[in-house]
Amino acid sequence: MASETIGVIGAGNMGLAIIKGLITAEVYEAHNIFIYDIDSHREEIALKEGVSVTHSIEKMGETVDVVILAVKPATAEEALLHLKGAPKKTPVISICAGITTRAIEAVLPEHPVVRVMPNTPCMIGEGASAVAKGTYATEEHVHRAVRIMSALGYVAEIPEDLMDAVTGLSGSGPAYAAVMIDALTEGGVRMGIPRKIALKLAAQTVYGTARMILDKGMEPSSLRDMVTSPGGTTAEGLWALERNAFRWSLIDAVEAATMKARELGKTIE
């Protein structure tokens with residue numbers, strides 16, 4: 001893919017994470033990456049990362065081999081309308097939450113579309129992303145999207161009808177995890193631990209637990225049982241969580257975020 005060019009529409013946090021990940025993983029050379037953003041900071045990004053600036057979406061669509069749509073869902077339709085002049089063979093990879101491949105194809109008929117749901121840990125190469133192909137996308141188009149997102153972490157291919165659920169789980173999940181770490185920190189502080197130490201202990205505990213599940217293939221229930229002695233401190237803490245519906249609150253959060261993603265998807269349908 002060294003000679004292929006790629007355009008990123010939207011250079012916000014996620015767009016910039018993709019740009020940096022592609023360069024770091026040597027998926028694309030910097031000079032083959034083009035960016036467009038309505039904000040003038042695109043010039044600063046281009047200078048820092050060594051990528052090229054395109055001053056209109058229309059121009060980008062006419063020149064690059066593949067386009068990544070990394071704008072907010074509310075502005076997706078406007079951006080897509082500016083791509084109408086692009087050759088029909090130009091693939092579009094969309095990371096817009098809730099926007100279906102069918103909705104994009106309605107604006108850009110016959111374009112191969114791959115929908116991606118990334119999350120913010122992509123910014124440090126530890127992301128979790130899911131990809132789903134549209135009507136005109138081939139396995140080659142999916143493979144390209146997987147290779148791009150693999151530069152930023154774990155990638156799974158799923159049916160598109162599960163994509164909103166992925167949005168509610170891993171897309172919004174970093175916020176849930178951050179709230180949990182913050183709450184653990186506050187608990188430590190309440191019990192007398194200095195805040196900086198409590199935060200480090202809480203964050204490292206969540207990180208280490210995740211690594212045990214991912215690296216060792218452990219089931220969460222097995223890890224829970226490993227830590228929990230009958231009548232011990234952990235059992236007492238888990239009972240407090242159950243009394244306060246901790247598990248059900250997280251399940252409800254995933255469901256609520258999924259429903260919101262479906263609502264957002266109606267903006268250009």
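Modeller: E242 has a relative accessible area of 44%, so it is called partly exposed. Keep in mind that the model is predicted.

Colleague: What makes R247 exposed?

Modeller: The cut-off for exposed is over 50%. R247 has a relative accessible area of 51%, so it is exposed.

Colleague: How do you know that the side chains of E242 and R247 meet in a salt bridge?

Modeller: A salt bridge needs a side-chain nitrogen of Lys or Arg within 4 Å of a carboxyl oxygen of Asp or Glu. The N to O distance for E242 and R247 is 3.7 Å, so the pair counts.

Colleague: How many salt bridges does a search of the whole structure find?

Modeller: The search finds eleven. One of them joins the side chains of R144 and E4, at 2.8 Å from N to O. R144 lies in helix α6 and E4 in the segment before β1 (6–9), so this pair ties together parts that are 140 residues apart in sequence.

Colleague: Why are R144 and E4 called buried?

Modeller: Buried means under 20% relative accessible area. R144 has 12%, so it is buried, and E4 has 13%, so it is buried as well.

Colleague: What is the N to O distance in the salt bridge of R262 and D164?

Modeller: It is 4.0 Å. The pair links distant parts of the chain, with R262 in helix α12 and D164 in helix α7 (residues 163–171), 98 residues apart. D164 is buried because its relative accessible area is 12%, while R262 is partly exposed because its value is 41%.

Colleague: Why is H141 called buried?

Modeller: Its relative accessible area is 15%, and the cut-off is under 20%, so H141 is buried. H141 is found in helix α6 (residues 139–150). Leaving aside neighbours within four places in sequence, H141 is in contact with P91, P112, V114 and Y136.

Colleague: What share of the chain is buried?

Modeller: Buried residues make up 41% of the 269 residues. The secondary structure comes to twelve helices and eight strands.

Colleague: What makes the phi of E110 worth a remark?

Modeller: Most residues other than glycine have a negative phi. Phi of E110 is near 75 degrees, a positive value in a residue other than glycine. E110 lies in the loop between α5 (101–107) and β6 (113–117), and with a relative accessible area of 46% it is therefore partly exposed. A245 also has a positive phi, near 60 degrees. A245 lies in the loop between α11 (233–243) and α12 (246–264).

Colleague: Why does A245 count as partly exposed?

Modeller: Partly exposed is the range between the buried cut-off of under 20% and the exposed cut-off of over 50%. A245 has 31% relative accessibility, so it counts as partly exposed.

Colleague: Which residues make the nonpolar surface patch of about 250 Å²?

Modeller: The patch is made by I193, I197 and L201. I193 is in the loop between α8 (173–190) and α9 (195–216).

Definitions and conventions: Residues numbered from 1 in each chain as written. Predicted model: local features only at pLDDT ≥ 70, side-chain atom pairs only at ≥ 80, totals over all residues. Heavy atoms only, no water. Patch = residues over 30% accessible without salt bridge, like charges linked within 9 Å, V, L, I, M, F, W, Y side chains within 5 Å. Areas by Shrake-Rupley, 256 points an atom, 1.4 Å probe, with all protein chains shown as cover. Helix = DSSP H or I, 4+ residues; strand = E, 2+ residues; numbered from the N terminus. Buried < 20%, exposed > 50% of the residue type's maximum accessible area, 1.4 Å probe, protein only. Contact = heavy atoms within 4.5 Å.
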